Every structure is written in structure tokens, then in C-alpha cells.
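Here are a few notes to read alongside the model. Have it open on your screen and go through them one at a time.

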Amino acid sequence: MTATTATVELPRRPAAAARAWRLVRRHLLDVYALLALAYLFLPIGVVVAFSFNNPLGRFNFTWQGFTLRNWAHPLDYPGLGSAIQVSLEIAFLSSLVATVLGTMIALALVRYRFRGSGATNLLIFVPMTTPEIVMGASLLTLFLNWRIPQGFGTILIAHVMFNISYVVVTVRARLVGFDRHLEEAAMDLGANELVTFWRVTLPLIAPGILAAALLAFALSIDDFVITYFNAGTTTTFPLFVWGAARVAVPPQINVIGTAIFVIAIAAMLANVLLQSRRARRA
Amino acid sequence: MTAIEAAPTPRRGEVAEYDIRLIGLTKRFEDVVAVDGISLDVERGRFFALLGPSGCGKTTTLRMIGGFEEPTAGRIELGGVDVGGLPPYRRDVNTVFQSYALFPHLSIFENVAFGLRRRGVRGDELRRRVGEGLELVGLAGLERRKPRQLSGGQQQRIALARALVNRPRVLLLDEPLGALDLKLRKEMQLELKRIQHEVGITFVHVTHDQEEAMTMADRIVIMNEGRIEQVGTPSELYESPRTSFVAGFLGVSNLLPGTVVGDDRVRLADGTEVHVPREALAGRSGAVQIGVRPEKLRLGGGEVNTLAGVVSESAYIGVSTQYIVDTPAGAVTVYVQNDRRGAEGAAPGDRLTLGWSPDCTFVVDVQEDS
């Protein structure tokens, strides 16, 4: 804004300054974008770099030297392997259950008006907006009162609970634009309700369901706060990292973190490629 | 080109000559009555058009026949069997939807094969019948495309093929031509008529376009405010409309108020007595309206019925010239065929006599709200 005014006031500005200003103006956005990306990716870069570190002591905090040893033995730390296994099991089971339940809730909410549907539409947001620490503590109170022993089961219940909300919201977005005439056409052509659902409804909302399942998986596998309250003696990967950090930070944690990051990026790329190939074929 | 065989002829002992019978059919939404106790018989192999303005209940009627809406009261019989309470997939009818409703995730082949697969048709038989269906609508060779790769007109044909390959008892068409442009719509009207002749299946076609209904259908059902106004062939409805709504909805009519003064005479507002067919009066007495189509009027006398007036406007539109003539009985529209040079004789301000034959006169009740 001020620059334009200056141009008006000083029409015979030296050519060099004008060229410099053009250069800045042309690249200002690029520089800004680079800084923003650096801000986002620097921490991840550190995680990746330190997975190749060869620490002297128990804490992987200062750069000592490059090694591939950590990658050769990614689970070479007591308790790490089982924690990862527990995390994967809970993430898989909770996203599966939440996706099935959440999809059915979304279908009911979009398709039908029933007593309490308005309230459900609102209440479905509550688990997303409640502070995790409050939800974790409250759940623990509930489990203690009902004398339910904490462990794998209570973690699973907690994860299914908060995942359902995200699944409902994601699938509902996909369902809102759904052309009901397609289902009528299927039934008109001889498909009963079940066949109509399998052959027409499900394939058309599948991308939304898949997105919801992946989101649920991602939310579950790195949840710490709610899990911490309801884990009992069970240890998930986030709990393991937290516990280990007090006595040691092994580089294996960086290796696992990097691996999860790489897998996520790979899955994303695969999805993008698949979509663009499908779009080109269509 | 008989790609799809004609609908099966009635089996021995089967008495149903009607493919569809509606008996006192009513549909109420909350406090709105969409369809108000209509009864209708649809004979086998006919091309029926349900015609009426938007909101007249024609689409709701079609959806009740298809099984997508539950009637509030009344019966629906398909081939003599009460189908009340049966879901759409248990009714021997297929629908072409206004939005076509092609399955976007399936190829054209799978779209057309959808109904056949549900009936367990597989393998060569399936491929043969899908191929025949596509050939019938002139789109063979597009089997592997997806619906969104097709133009609107092509999608419309696929929707038609997808319904017809199942050889239903009745094909229901819900304004299927509404989304097409004028030229394509005209083409498809003739195409639909050809296909109906070819397959011999009963068609029930919903439309608000009177020209479309007259072009295609051999029976037209005119609906208004949830009721049936009149059922008949296009010429019956045009030549002898029974209500002022039908007279006004189908083409242009001159309606003149009058009073019945004999068993074949009506006195108009200005005192002129005109002759009407005895059967058109049908025992009416008191206030009525007589109607004459604009092209049935002649400039100049020489007819049984005459009416004097002054030309107030004339418009030359090529095939005919349209006049508006002010008469003491009311303003009258006249179309004069330009079948020879100089046929357009009259000019605004000219005083002349209009003449018409009693045969071309119809009688309707006075409209309640006028």
C-alpha cells in the first residue's frame, strides 16, 4: 500500500531500486511460503535426522554421529515392541468399530427425522469439543465406579467413543449430497433394501467411509491424554514414549516415529495417484 | 430391429385387460392433498400421458404406481393384482426418472444389466439382452463408458434402455425429456413413440407439456389440483373438452358465457342465439359457456352460427393470420389459414361477421372462480 503511494510521489526513482523492489515483490510470497513450510517441517526433520543418530548415553538429545544401527534394530528396546503392538491393535479395532457404528449413525441422521434426531445431531459434537483431559478423567471415574478394571478393554472403549464423532461428521458430509433417486432406481430395478445398500449406497459413500476410517486410525494411534487415564497397566506406544522419556530417550522412538510418518505420506501419495488415474480414465 | 420382444400376451384364463387400475387413489402430505381420489383404467399396450400443470399430482400418482409413495387411501392394481404395500422391487413396473438416476460408479453395461442381474440373468444371455437394449436406443458400443462421459440425451436413452431390458408390464416415465433442449426433445418424442410401438409395452408418461403429450400419447389424462379433469384421445380432448380447464390447458379456446334456451340452443350475453350439438349440452340448463377453437371460425357469414364484431388486432405469422375480434358477446380469437395469397383480408377496425358450424361448438360449465 505504502509502496504504491511512494511510486506515485517519486516517479523518477533510480532504476536499480525499482528492479530490487520488483524482485522482492515477485518473490515475497515464495519466501513467506518457504518460511511457513520450514516452521511446519523442521520438527519432523529433527525427528528423522535423530533416528540416524548414534547417541553416547541414554538420551538421544545431541548429535554424535551417523549410524544405521537404529534402523537395523528398530524394536531393540525392552517393552517397545509390545507397546507398538498394543497401539496397532487398539487403533485397528477402535477405528473398525467406530467406522461401522458412525456410518450407521450418519445414515440415520441424514435420512430420517425421528424423536431425538436434532439432539443427536448436536450431541455428536460434544466428544470433539470436550477437553481431552476432562474426558479422560471422567471416563476413569466412570470405570472406577462401575468397577471395570482398566486395561486394553477400557482403552478400546474410550477410543471408539471419541472416534465415533469424527466418523459421523465425515460420513455425513458425503451423504448430504447423495441423490436418493439412485436408491429408488435400484429398487425399481429389482434390488431389495440390502442389495441396494451393497450395490449402490455403499460404493458411492465408500470414499467418505474410507476417509473416516483413516482419520479414526490416526486419532487413535497417537492419543495420549485419554489413554493415560484409562490404561491401567497396559502400555501403548505414546504411553511408552512418555514413560521412557523419564529415564531414557532411545533413538528407536525416532525410528518408529519416522516410519509412521513415511507410511502416512506413502498412503497419501498412493491415494492421490489412484484418484488422478481414476479421474483420467473417467 | 425387434430388439426387445413385445410384452407377453395374456395367459389363458387371465382376465386382466387393464395393465393398471387406480381406484379412488388418494395421497395426503401432512395437510396437503396431492392426489384426491382418482380412478383410472390403463389398457394394455397403450401410451398414456398424465398431463397437467406443476403440482397437479401427476408425479405423485406415478410414484404411487412405482411403489415409492404409499397411498393414503385407494387401490392400485397391476395386471389385476392389488399391489398395495408391495415395495418397488416386487412390482412389475420400471421407471425412467427425471434425473435419469444412472449409477455413476457403474459402467453403461452394468447400468443396463442391473435389473437383469437381480433376476439372475447371467453370461451370454445377459450380454445379449444388454446389447439388444442398447441397440434399441441406438447406443450400441458405449458399454464400457461411465454415465458422466455421456451427453444428456445419451444418458436419457441409457435410462430408457435400463428400464426396458427388464420387459416390465408397464414403463413409467417421469418427465424424462424435461432436461433436454428443444430440438433434442422433439427428436426424443418421436423416438419414444417408435420404441413404444416396437416393444408394445404400456407407457405412462408424466409431462406438463401439452404439445409433448399430444405428439406421443394415444390417451391423455388431464389432471388439475389432484383430480382427473378428462381422459381421452388427443382429438377428443381437443375437439370436445368437457371442462373449461381442459379447454384452456389444451390449445387456445374462445369461451363465451351464455344461457341454455333449448335442447340445442344457447343464448349468448348479447342476445345472439347459437346452435350447439345436442349431446354437447348433455341435459345442462341455466348458465354455461360455449367454446369454439380459433381455427374453426370463418371471417364472413355463410354458417349456421354467426356473430358480428370489429377486428381489434391482426398478426400475420406465416402459416396463418391471427385476429382478435371484439364482439358484444366477448373478445374472440380467430386463426385464418393462409392457404392462398391475400387470405389475410381483414385489417384492424374492419367490421365483419364471424361464422362457425354447430358441430365445432362445445359446451362447458361456468368456471366457479370466474
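1. A quick definition to start with: a residue counts as buried if 20 or more other C-beta atoms lie within 10 Å of its own. Keep in mind, too, that this is a predicted model.

2. With that in hand, go to helix H9 of chain A, residues 180-188. Why can we call this helix largely enclosed by the rest of the structure? Because seven of its nine residues are buried. The buried ones are Leu182(A), Glu183(A), Glu184(A), Ala185(A), Ala186(A), Met187(A) and Asp188(A).

3. What covers these buried residues of H9(A)? The cover includes helix H10 (193-221) of chain A, and from chain B it includes helix H1 (58-66) and strand E6 (93-96). So when you look at H9(A), keep both chains displayed, because this helix is largely enclosed by the rest of the structure.

4. Now the contact between the chains: chain A puts in 16 residues and chain B puts in 20 residues. On the side of chain A that touches chain B, the elements giving two or more residues are H9 and H10 of chain A. H9(A) gives the most there, with six residues. Sorted by class, that side of chain A has 10 nonpolar, three polar and three charged residues.

5. Last, have a look at chain B. Its domain assignment gives domain 1 (18-92 + 168-238) and domain 2 (252-365). Taken over C-alpha atoms, the centres of domain 1 and domain 2 of chain B are 34 Å apart.

Methods:
Residues numbered from 1 in each chain as written. Chains lettered and ligands numbered in written order. Predicted model: local features only at pLDDT ≥ 70, side-chain atom pairs only at ≥ 80, totals over all residues. Buried ≥ 20, exposed ≤ 12 C-beta atoms within 10 Å, placed from the backbone. Helix = DSSP H or I, 4+ residues; strand = E, 2+ residues; numbered from the N terminus. Contact = placed C-beta atoms within 7 Å. Domains from an automatic or database assignment. Nonpolar A, V, L, I, M, F, W, Y, C, P; charged D, E, K, R; others polar.
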